[in-house]
Amino acid sequence: MSVLIDKNTRLIVQGITGREGTFHAEQMLQYGTQVVAGVTTGKGGQTVLGVPVFDTVKEAIEATNANASILFVPAKHTAAGVYEALDAGLELVITIAEHVPVKDMMGIYHFSKSKNCRVIGPNSFGIISPGKAKAGFMSHKIFSEGNVGVMSRSATNCYETISMMTNNGIGQSTCIGVGGDMIPGSTFLDLLPLFEQDEQTKMIVMIGEIGGNEEELAAEYIKENITKPVIALIAGKNAPKGKSMGHAGAIVSADGTGSAENKEKMLAAAGVHIAENTAGIVEIVKKLL
Amino acid sequence: MKFMEYQAREVFEEYGIPVKKAVVIDSLENIDEQIKGLTFPLVVKAQVQIGGRGKAGGVQFAEDSDSLKAICAKMLHSVLKGHKVNKIMIVEKAEGISEMYLSIILDRLSKRPMIIFSSQGGVDIEETAVTNPEAIIKVPIYPEVGVQKYTVHYLINKSGIDKGLLEPLYDIISKLYKVFLAIDALIVEINPLLVCAENEIIALDGKVDVDDSALYRQPKVLEYRDSIQEEALVLEARKYKFLYIPVEEGGDVAVISNGSGMLMSCIDHITKAGMTVGAVLDLGGGATSDKIKEAVRIMLSNTDIKYLFINIFGGITRCNEVAEGVKIAMELQPKGKCVIVRLEGTNKEMGIEIIKSINYDVVSVDGLVEGVEELYKRRQQ
């Protein structure tokens, strides 16, 4: 098992002819991922690393029966690329670029929901199911196969946690980079049911941070629906508060939403184990195993 | 990117939102000429981004030309709460009956724009949100639907204001939503939204925050950025596409890392160990030795900083590139500041070898926790 990707995933790399696209397509192939097609407009007919390149996602699907796509394209072209992949009928689209305009993500989020599809990212390292497949740019050496499902808003905090886990002999079922943006394609709330249903996953690690209310929503869901142990970290307790601007921010968070204290309180009330820092996550996982 | 008040006013005016007549000055020459189109009494407002501007003396009233000149002479180039006043907005004084509040924000919960409205606007709106949340009304905008009149009917009935305000309020909300979309805003706020005689409403003060990721397609907004005061090191860092964030004044520890999550974790760890972080710098992904050199230089040029923790978990960023950059930077630096380097990930061993070849002021550690312990030890010496 594992979630979202595995050995059967047939992946398209959008932007495969670019520097990053080619480099990471090769890394993914070496890891064992089935990269079945590349898409770069105007370069249809070429091959990169033995992978056929198409002008459009739709043609790539028709020719290769691909079922997922990852985008290695700049932020300003991300919206167009994601829409193309969703419109072509892919159920999983992963986008890694930083600095995608929030307004673009607002459209993508609602369009993907209406198509019943899943977008992961932006500003994400991608997804890896260790030992099976990876769709992303993470340095896969630190990951190891096992039973802990991980999802993280921050890439670096996730790497830190994963490398400690692996050094302690604790493997992972699937790790998902939710991404650090204001509107992620998929939130913790969207991903929790997948880990709950996955037989390989025995416990869930959630690496969150201050701001937004994804952790609060996750807490409510966990309380009612998740039977597996959940361990959470909220990073940024001592981060500098954004210099107050206007009153809208304060009005929205008048009930405490968004603060580390509020997130931890709600998660704890839902039975989630709260870790002080990345090292703390590993300590708790060890105890629970 | 947060607008100055006069910039917000300018954008509102461009989109037809009613504002009072105003001019912006940055010198005392020809004031009479500049205010020719304005009618006294006037309000003189310092263009600085601080809270409590009024109480700090940044908002004053002028009845005539003499008092205006006296106020401007005193205010221009003065320093309010640490911010230099480079620009002053002179605006006609408005006579109102009541103050309302209106904003459109990007709501992270619904992932849609949201209208926030209150009939009780003004400086105490934040307090109202806590003590009397009923007085604040929030309604989503569905982008495929836009602003419709039924929403404004609802706002009016729910807040109990005069039904005669329907048309002007509908007009203002529609226009504010246009602004929100056109400039890739995260927040557009009017507070107070002044109700005057005969159901006229006017935007008296505005706040606008634009999505930094969208600035590439907002050339006009980018022009505004030049007039916004920022710390010299923030601007210097921006040249290299780094994000420099001042944390706590007087903190003597700085952190450089490759990702905001890791920076937050570092600040959490260091604060918990009883030390104070003065500033942090986010390299983003994939920095080369040349860029690392600049990052180290920028950070150590902050005179408050005595200890620098460089914490890299390299995926796209390569550890040997980081180490090379640190080495070059340290050769150019005056001696005496302590630099602790933690490298993990791609090309870690190569990086550590290079760090160890630097003979002074630089320590290599293995792990984030170890790095913070080393920081603590050094500060005790």
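Predicted model: local features only at pLDDT ≥ 70, side-chain atom pairs only at ≥ 80, totals over all residues.
Residues are numbered from 1 along each chain as its sequence is written, chains are lettered from A in the order in which they are written, and side-chain values use heavy atoms, with hydrogens and water left out.

The size of an interface is often given as the accessible area lost when the parts come together. Here the buried area, that is, the accessible area (1.4 Å probe) lost by two parts on being put together and summed over both, is about 4,600 Å² between chain B and chain A. Carbon and sulfur atoms give 63% of this area. On the side of chain B, the residues that lose the most area to chain A are Arg108(B), Lys111(B) and Phe313(B), together 18% of what that side buries. In terms of contact (heavy atoms within 4.5 Å), 55 residues of chain B and 54 residues of chain A take part.

Four salt bridges cross this interface, each defined as a side-chain nitrogen of Lys or Arg within 4 Å of a carboxyl oxygen of Asp or Glu. Lys111(B) forms a salt bridge with Glu214(A), with the closest N and O atoms 3.2 Å apart.

Within chain A, an open sheet of seven strands with mixed pairing has the order β9-β8-β11-β10-β12-β13-β14. Strands are DSSP runs of E with at least two residues, helices are runs of H or I with at least four, and both are numbered from the N terminus; two strands pair if DSSP finds at least two bridges between them. The edges are β9 (133-136) and β14 (273-275) of chain A; each has a single partner strand, so one side of each is left without a neighbour in the sheet. Strand β13 (residues 230-235) of chain A runs parallel to β14(A), joined by three bridges, and Ala232(A) stands opposite Ile274(A) in β14(A).

Chain B contains an open sheet of four strands, ordered β1-β6-β2-β3, with antiparallel pairing. Its edge strands are β1 (22-25) and β3 (59-62) of chain B, each with a single partner strand, so one side of each lacks a neighbour in the sheet. Five bridges join the antiparallel strands β2 (residues 42-46) and β6 (residues 88-92) of chain B, where Ala46(B) stands opposite Ile88(B) in β6(B).
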